[in-house]
Amino acid sequence: KHNYLHHLKVYSMAITAADVNKLRKMTGAGMMDCKKALVETDGDFDAAVDVLRKKGQKVAAKRGDNETTEGLIFAETTEDGKSGIVFALSCE
């Protein structure tokens, strides 16, 4: 006889909408990603931030090889010409 109960994960705490919103504000990640990270870490905010960071690194690595063929360059100087800024935005 096979015991199927060993496949079930028991969550020790309920993740509230306020928890998800708090993590979302801390990280800027999407709501579902925040909820999944909190569930995976049993509500541990520090561990959830690490989970989201690792997920973000994986996404960035996948997109790293994408070619950026469009964009915008903006340059502006102060009236006295002593300082300025150059801003470049690249898009896929």
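In which helix is the place of Leu 23? Select Leu 23 and you will find it in helix α1, residues 17-27, where helices are DSSP runs of H or I with at least four residues, numbered from the N terminus.

Before going further, keep in mind that this is a predicted model, in which local features need pLDDT of at least 70, side-chain atom pairs count only at pLDDT 80 or more, and totals for chains, interfaces and linings use all residues. Residues are numbered from 1 along each chain as its sequence is written, and side-chain values use heavy atoms, with hydrogens and water left out.

Stay with Leu 23, which is buried at 0% relative accessibility (buried means under 20% relative accessible area, exposed over 50%, partly exposed in between, with a 1.4 Å probe and protein chains only). Not counting residues up to four places away in sequence, Leu 23 touches several residues, among them Cys 34, Ala 37 and Leu 38, where a contact means heavy atoms within 4.5 Å.

Next, select Cys 34, Ala 37 and Leu 38 together, which are buried in α2. Looking down the axis of α2, you will see its buried residues fall within an arc of 95°, so they line one face of the helix; the arc is taken from the directions from the helix axis to the C-beta atoms. These buried residues of α2 pack against α1 and α3, whereas Met 32 and Lys 36, on the other side of α2, are exposed.

Finally, move to Thr 41, in the loop between α2 (31-40) and α3 (45-63), which is buried with a relative accessible area of 15%.

Note on methods:
Helices (H or I, at least four residues) and strands (E, at least two) are DSSP runs, numbered from the N terminus.
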